[in-house]
Amino acid sequence: MKGLHKMTGRKIAALLAIAALLAPSLAAARPALTLTERNRAVITAFAAMFYGKRDVRGAFERYVAPDYIQHNANILDGRDAAIAALEPMFRQEGSRFEIKRIVVDGDMAVIHLHGRAGAQGNGGTVADIYRLEHGKIVEHWDILQPIADKPLNPHAYF
């Protein structure tokens, strides 16, 4: 019985040694995430926090670069300026932001959503366009279209 335990122990030690030698090559065999996959993870997490939880400050401090470039004519450049402009809108009673789709390609991402700031009105369809660098949002454009009371097209907006 003692010989069996020694033999088993030797075999286990040999297998562990082989596994240790193979581990780096097995890890290298796994393909690294593409830029699109990495940025999709960042944008999806940002969207959940920003639009879903309406945690403007948390989302911007975690996922947006401090020197963020803003192309909205009514908001200044910079992460802090965006937080100051967006927090009041997102805090309004009745505000809601329903994501319809997220598209990511390389360093660019688009979030298409139905947004409503406050309880009044139909809100609008929004396309927020983001550029990312090194896992952070560094630039933003937006396209806004108010939702009509009686659109002619039965599948307008979304």
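Predicted model: local features only at pLDDT ≥ 70, side-chain atom pairs only at ≥ 80, totals over all residues.
Residues are numbered from 1 along each chain as its sequence is written, and side-chain values use heavy atoms, with hydrogens and water left out.

The chain contains 4 helices and 5 strands, assigned as DSSP runs (helices H or I, at least four residues; strands E, at least two) and numbered from the N terminus. Their order from the N terminus is α-α-α-β-α-β-β-β-β. Of the 158 residues in the chain, 32% are buried (under 20% relative accessible area, with a 1.4 Å probe and protein chains only).

Helix α2 (residues 35-52) packs against helix α3 (residues 56-63) at an angle of about 160 degrees, and their axes lie 8 Å apart. Axes are lines fitted to C-alpha atoms, for helices over the stretch in contact, and angles run from 0 to 180 degrees between N-to-C directions. The two helices, α2 and α3, are therefore roughly antiparallel to each other. In α2, Val42, Ala45, Phe46, Met49 and Phe50 contact Val56, Gly58, Ala59, Phe60, Arg62 and Tyr63 of α3 (heavy atoms within 4.5 Å). The residues of this contact comprise 9 nonpolar, 1 polar and 1 charged, where Ala, Val, Leu, Ile, Met, Phe, Trp, Tyr, Cys and Pro count as nonpolar, Asp, Glu, Lys and Arg as charged, and the others, Gly among them, as polar.

Methods:
Parallel < 35°, antiparallel > 145°, perpendicular 65-115°, else oblique. Buried < 20%, exposed > 50% of the residue type's maximum accessible area, 1.4 Å probe, protein only.
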